[in-house]
Amino acid sequence: MSATTAMEVNVEARRILAVSISKLYASRTQRGGLRLHRSLLLSLVMRSARDIYHSSRESEVLTGAPSEEPMDTSSSQGEQTPQPEPQPEPQPILNSAEVTPEEPENTEDECEGEITEDKENLSPSRQSRKRRGKASAAPDFLPSKRARLEHGEERYAAALGSCRVGAGESLTTLSLNRVIPAF
Amino acid sequence: MEEESDTRKINNSFLRDHNYATEADIISTVEFNSSGELLATGDKGGRVVVFQREQESKSQPQRRGEYNVYSTFQSHEPEFDYLKSLEIEEKINKIKWLPQQNAAYFLLSTNDKTVKLWKISERDKRPEGYNLKDEDGRIRDPSTITSLRVPVLQPMDLMVEATARRVFSNAHTYHINSISVNSDLQTFISTDDLRVNLWNLEITDRSFNIVDIKPANMEDLTEVITSAEFHPQQCHTFAYSSSKGSIRLCDMRQAALCDRHCKYFEEPEDPSTRSFFSEIISSISDVKFSHNGRYLMTRDYLTVKVWDLQMENRPLETYQVHDYLRGKLCSLYENDCIFDKFECVWNGSDSVIMTGSYNNFFRMFDRNTKRDVTLEASRENSKPRAILKPRKVCVGGKRRKDEISVDSLDFSKKILHTTWHPHENIIAVAATNNLYIFQDKVN
């Protein structure tokens, strides 16, 4: 019962993340430039969804379900103002049934289209002229390698870049802080 | 409360004769002036249309003054910021009137980046009988002038002209969301996502930054300013609302930079209603002082709250605007409706508050009787001079005859902007590209 609920939450969280990413991407091209308020709200939703997704993934890891390490960093929680963790559903119990995370088809399709762009934009550490701030403290289970992108493209492509990662973990590795554009 | 509707479609695209809505015609702000004689609307195309109430005629005492177009002008044009490769929208975000001090009318209008002061004045006389040029304007040959005359003012057809008197620009990195004129009538504030700037109406080349919430590291950003307003009587006090659902009251006498609030209004979050979208729906979209200056009203996605300025820890009153949407937040997130910014407004005596909703519905709450009503702004459902019928949304179970179910609501028809006449029961409601003006029943 609660395993099914946990899976539903999991799927819902992934769906919301996917919707949020597409909104973020769409907001790049809207007239009037990026809206700071809207981007902030999108990133908050993405963070909530990611946290839910993480916590349900953690319980799956504990039960021995395969989990893939993401290839680039996620944002930090470190310097963010601590916010109450959203717990709309009860935590999945440890002995939840083995759940194979399925990559939502639509997200994968979206990501495929953006892979080329992302490859082009990846470049080894390049000092950004924009104020970047100290590196986010990445959680333990994520590697610290950071995808450095072309100046100005960092924030959006960083969000998209995580889609390149293999199934399962990709949506959680978004650099949520970087979606807030620094003008 | 019963209303007589003087419904008519006021077509802002005065140059064209189309029935469909073009995006430039979408009304983005409405505002009565301080006497209620004038009503200004701004649209996405950067135009301002001003309506004037016609004088009540003795021959038709039943026919209350109607609002007719008085002046139309292009306030803002689209611009391009070359440094950032960004287009600056010409959409008018807010209009605020200055109280009338002479024969001319003044208003401030703003888009995302620039505030302009417009003077609207009438001309009904023109000078005639110049010596050096004839009536067509052609220069006369000086050798043909044999006598001098003094030009005299002759009556002419009334012409209303709008001229930009001041342009307040280059002070905002982020998008301006509100402007507010001070009660001292000398200064005003303009507010963007992270900063509030104080201007003098006479000086356009500099402004003072009085609030700055930009963090040193933009990755630490957790909240933005969503609206700010001066206190209606105290010229040193203003309030600003945030995306986190809090309001700060600041006193400009305390310090030059008002980063420290003197009052902080926030209601603790109810953990039982927490969801993915809690942050979005708690973001305040509008803040308005009451006319008497004792209360503040805030609008977030699902509620309107009235705060007593003396009580910071919780609102005095909370009104549910459309709580039936609480279970639909995910779909509203997907279709972007959850980001809609509704405004709220007080009536002249601060006894009734009004705000918009979807399906061209708008809601009024009587603070004294605690009664509320849902009305609809649509031509199909109201004939001119007919009394508006209260509407009801059916939340589940059996739907009664006149009720509308939540799933049938049209979310593309939203009423974001409303305004209330300062003294009388006349309201103006913007429904996409249509303006509705409703007046209270005569007698």
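Below are my notes on cavities, strand pairing and one aspartate.

**Before starting.** I'm working from a predicted model here.

**Entry 1, cavities.** How many cavities of 30 Å³ or more does the structure hold? I got 12 of them. I then went to the largest cavity, which comes out at about 100 Å³. Its lining is made of 13 residues, and those closest to the centre are B:Ile280, B:Ser283, B:Ser285, B:Ile338 and B:Asp340. Which elements give two or more residues to that lining? I noted helix H2 (36-62) of chain A and helix H1 (278-282) of chain B.

**Entry 2, a sheet in chain B.** Next I traced an open sheet of 4 strands in chain B, and wrote down its order as S20-S21-S22-S23. The pairing in this sheet is antiparallel. Which strands sit at the edges? They are strand S20 (286-289) and strand S23 (317-320) of chain B, each of which pairs on one side only. Zooming in on one pair, I found 4 bridges between strand S22 (residues 303-308) and S23(B), running antiparallel. For a landmark I picked B:Val306, whose bridge partner in S23(B) is B:Glu317.

Strand S9 (residues 105-110) and strand S10 (residues 115-128) of chain B run antiparallel, and 6 bridges join them. How many residues lie between the two in their hairpin? I noted 4. On this pair I marked B:Ser109, which stands opposite B:Lys116 in S10(B). I then followed S10(B) to its pairing with strand S11 (residues 152-168) of chain B, which is antiparallel and has 13 bridges. There I marked B:Arg126, opposite B:Gln154 in S11(B).

Last stop was B:Asp43, which I found in strand S3 (residues 38-43) of chain B. Is B:Asp43 buried or exposed? I have it down as buried, because its relative accessibility is 1% and the cut-off for buried is under 20%. What does the side chain of B:Asp43 reach? I found the backbone nitrogen of B:Gly45, at 2.9 Å.

Notes:
Residues numbered from 1 in each chain as written. Chains lettered and ligands numbered in written order. Predicted model: local features only at pLDDT ≥ 70, side-chain atom pairs only at ≥ 80, totals over all residues. Heavy atoms only, no water. 1 Å grid on protein atoms, 1.4 Å probe; cavity = no way out; pocket = protein on both sides within 12 Å on 5 of 7 lines; lining within 4 Å. Points joined across faces, edges and corners; volume = space filled by probe spheres on them. Pairing = 2+ DSSP bridges. Buried < 20%, exposed > 50% of the residue type's maximum accessible area, 1.4 Å probe, protein only. Polar contact = N/O pair within 3.5 Å; in protein donor to acceptor, adjacent residues only side chain to side chain.
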